[in-house]
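This report goes through a structure by its salt bridges, its ligand site and its surface. The sequence and the structure come first.

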Amino acid sequence: MPVPPGNSTDAAIVVRGLTKSYGKVAALRGVDLEVERGIVFGLLGPNGAGKTTLVRILTTLQPPSSGSASVAGFDVQRDAEALRRSIGLAGQFAAVDDQLTGLENLELVARFYHLPRVEARRRARSLIERFDLVEAGDRRAITYSGGMRRRLDLAAALVAEPEVLFLDEPTTGLDPRSRLDLWVAIEELARGGTTVLLTTQYLEEADRLASRIAVVDHGLVIAEGTASELKERVGGRVVAVQVVDAGQLDQTAAVLGRFGDNPHVDTAAHEVSVGVGQDAGVMAEVVRVLDNAGIAIADLAFRQPSLDDVFLSLTGRAAEDADFADVTAAIEGGTR
Amino acid sequence: MTVATHLEPTPAAPPRPPVEQPSTGTKLRWAVQDTLLMTRRNLLRYVRLPENLMGVTVQPIMFLVLFTYVLGGAIRVTTPDYVTYLLPGIIVQTMLFGAMITGFGLAQDQLSGLFERYRSLPMARSTVITGRLLADVIANIFVAALMIAVGVAMGFRFGGSVAESLAMPAVAILFALPISGFFAAVGLTVRSMEAMNTTFIVIFPLTFISSAFVPVESMPSWLQPIADANPFTIAVNAARALALGEDATGDLVRTGVWVTLLTVIAVPLAVRAYNRPR
Ligand SMILES: Nc1ncnc2c1ncn2[C@@H]1O[C@H](COP(=O)(O)OP(=O)(O)OP(=O)(O)O)[C@@H](O)[C@H]1O
Ligand SMILES: [Mg+2]
């Protein structure tokens, strides 16, 4: 029996040499990716990295400029319609119908996936419960708060129980509890065999959820691997020094430069961090040298590298080093 | 004692059933079903936001009343009375205003980001447009019936057969359909609702430089050829002849030609506007 196109490869998502330009802006500059079936794959990157662009191409909302991509075995350009039967999308901005109730929204989306009416209704009900919207289920979405809209939008992405799920910054705009609930829901889905591609700017989110992570910056995948593989890139552990006097930050960085490459200065936190070896003995030396330099220490840590540190060592910039306008846009977008 | 010498990779997720490839018949059924679902959704929005219909109900009725009682006496027409002259014209005009709602509805959905979801769903991309058009045709039927009822209350009487009487609003609705297509293209393209409002400036004079409110012969001679060539005049003349029970063949044929022509231009424009990557 011929293998149906939807099952011809082991990978749920295959991306080859993908580029996308908007006029002069190169949003993607040659992305290669392979996402195994049934895992949560994290796409991690700062504002403007190209995460949304990649998601939009993979969900057939936009054609690529060059290169190819397939999802669930379907080519994004040649088999767009079949592809869309296999996916669910929660875009960066919640897309819900203001004038329909929560239940009606979900039921309609389910019907557009061609589920029978009874089944559509059943799934709408159960998702409304799962996303803690029972009281609001019969209210028009226009009365929803930003976080409620976001949850409704996520429920809509799940309603067809798609094979591959795309979540573009799913937890932006959610309160801590909703965020945790969503994390649990995503983990459950992955256990059930759903492939999830999620983008995030929250390094802890990728760390917690994704079994593999691709770090995207300026339209390129600059690193890929498991969270621990990426952490190994930093090489050992990180020394972080918080100083009392912000005026001494640069001096501190100069001193710490002796212990590892490219110390990073976080002005807001009054902190300088640097990747060092595994030997905890270095701490005594750090304290002594700082003391000699007359630098007052507010706090001192010898810790496992976070993905923040990974990002720093990969790009020389912090992931959060985006301009303010972008950050506010992302926050507003998520809760719109 | 070593039980396992190496760690097994995480067990592979259970295989999912393959996505079935639908037959052509199934696809066709889905297309129809999707359009009906989208139509229902749009009609539901009419019900929940009745103010969207104000422009095509309250306003034309106000026009009908004001024109008939304030200006009607001063306008010389060949019909028995002015309301009989005016009603077919104002119905065609109102159906065109209804066509503008097509554009407004699509602009609203587009700007709210809702199409981001629709475009990722496994329905034909044209569903958004066909479902919109069908809902707006249904709304137009409702509005036309309302206008006729008000007209009858004001003394309007059909002069022809039942078929001709039914054909009068039908011509108006049909004529508005390709115009809806144009507004769909605009609505799918605009980047703000304000931009959408400017379309009113185009449609409004077009409906006045016509035979809808006054006979073309009463206009200055330089304006008459423009009014005569206006496709809106042709549709109004067809609707009026049907209302009076006069021979409408010529005007109907010309209206049909215009509808065909406008459709051929409008549909690709609308589809292209919807498929335009953004
Ligand atoms: N429609 C567009 N027209 C022009 N430029 C665009 C368009 N969409 C995206 N871009 C540009 O492409 C680049 C990548 O954008 P993208 O939205 O993919 O980033 P992102 O990683 O999702 O960022 P964020 O975290 O802020 O959502 C940016 O420089 C952006 O300005
Ligand atoms: Mg984005």
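Is B:E116 buried, partly exposed or exposed? B:E116 counts as partly exposed, because its relative accessibility is 24%. Here buried means under 20% relative accessible area, exposed means over 50%, and partly exposed lies in between, with a 1.4 Å probe and protein chains only.

The model is predicted: local features need pLDDT of at least 70, side-chain atom pairs count only at pLDDT 80 or more, and totals for chains, interfaces and linings use all residues. Residues are numbered from 1 along each chain as its sequence is written, chains are lettered from A and ligands numbered from 1 in the order in which they are written, and side-chain values use heavy atoms, with hydrogens and water left out.

**Salt bridges**

Over all chains, the structure holds 23 salt bridges. A salt bridge is a side-chain nitrogen of Lys or Arg within 4 Å of a carboxyl oxygen of Asp or Glu.

| Pair | N to O distance |
|---|---|
| A:R16 and A:E34 | 2.6 Å |
| A:R56 and B:E116 | 2.3 Å |
| B:R132 and B:D136 | 2.9 Å |

In the salt bridge between A:R16 and A:E34, distant parts of the chain are linked: A:R16 is in strand β1 (residues 11-22) of chain A and A:E34 in strand β2 of chain A, 18 residues apart. Helices (H or I, at least four residues) and strands (E, at least two) are DSSP runs, numbered from the N terminus. A:R16 is partly exposed, because its relative accessibility is 40%. A:E34 also has a partly exposed place, with a relative accessible area of 42%.

The side chains of A:R56 and B:E116 form the second salt bridge of the table. This pair joins two chains, because A:R56 lies in helix α1 of chain A and B:E116 in helix α4 (residues 114-118) of chain B. A:R56 is buried, with a relative accessible area of 12%.

**Ligand 1**

Which residues are closest to ligand 1? They are A:N47, A:G48, A:K51, A:T52 and A:T53, out of 14 residues that surround ligand 1. A residue is counted there if one of its heavy atoms lies within 4 Å of the ligand. The shell divides into 5 nonpolar, 7 polar and 2 charged residues. In this grouping Ala, Val, Leu, Ile, Met, Phe, Trp, Tyr, Cys and Pro count as nonpolar, Asp, Glu, Lys and Arg as charged, and the others, Gly among them, as polar.

In chain A, β2 (25-36) and α1 (51-58) each supply at least two residues of the shell around ligand 1. The element that gives the most is α1(A), with 3 residues.

Oxygen atoms of ligand 1 take part in polar contacts (pairs of N or O atoms within 3.5 Å; within protein, one must be able to donate a hydrogen and the other to accept it, and residues adjacent in sequence count only if both atoms are side-chain atoms). An oxygen atom of ligand 1 lies 2.9 Å from a polar backbone atom of A:G50. For the side chain of A:E169, the distance from an N or O atom to an oxygen atom of ligand 1 is 3.0 Å. For the side chain of A:Q201, the corresponding distance is 3.1 Å. Ligand 1 has 640 Å² of accessible area on its own, and the protein covers 66% of this. Accessible areas come from the Shrake-Rupley method with a 1.4 Å probe; for residues, only the protein chains shown count as cover.

**Chain A and parts of chain B**

Chain A has 12 helices and 14 strands. Of its 336 residues, 54% are buried. Its C-alpha atoms fill a box of roughly 75 × 45 × 40 Å along the principal axes.

In chain B, B:T78 lies in the loop between α2 and α3 (82-111). B:T78 is exposed, with a relative accessible area of 82%. B:T233, in helix α10 (residues 231-244) of chain B, is buried, with a relative accessible area of 1%. A polar atom of the B:T233 side chain lies 3.5 Å from the backbone nitrogen of B:S211.
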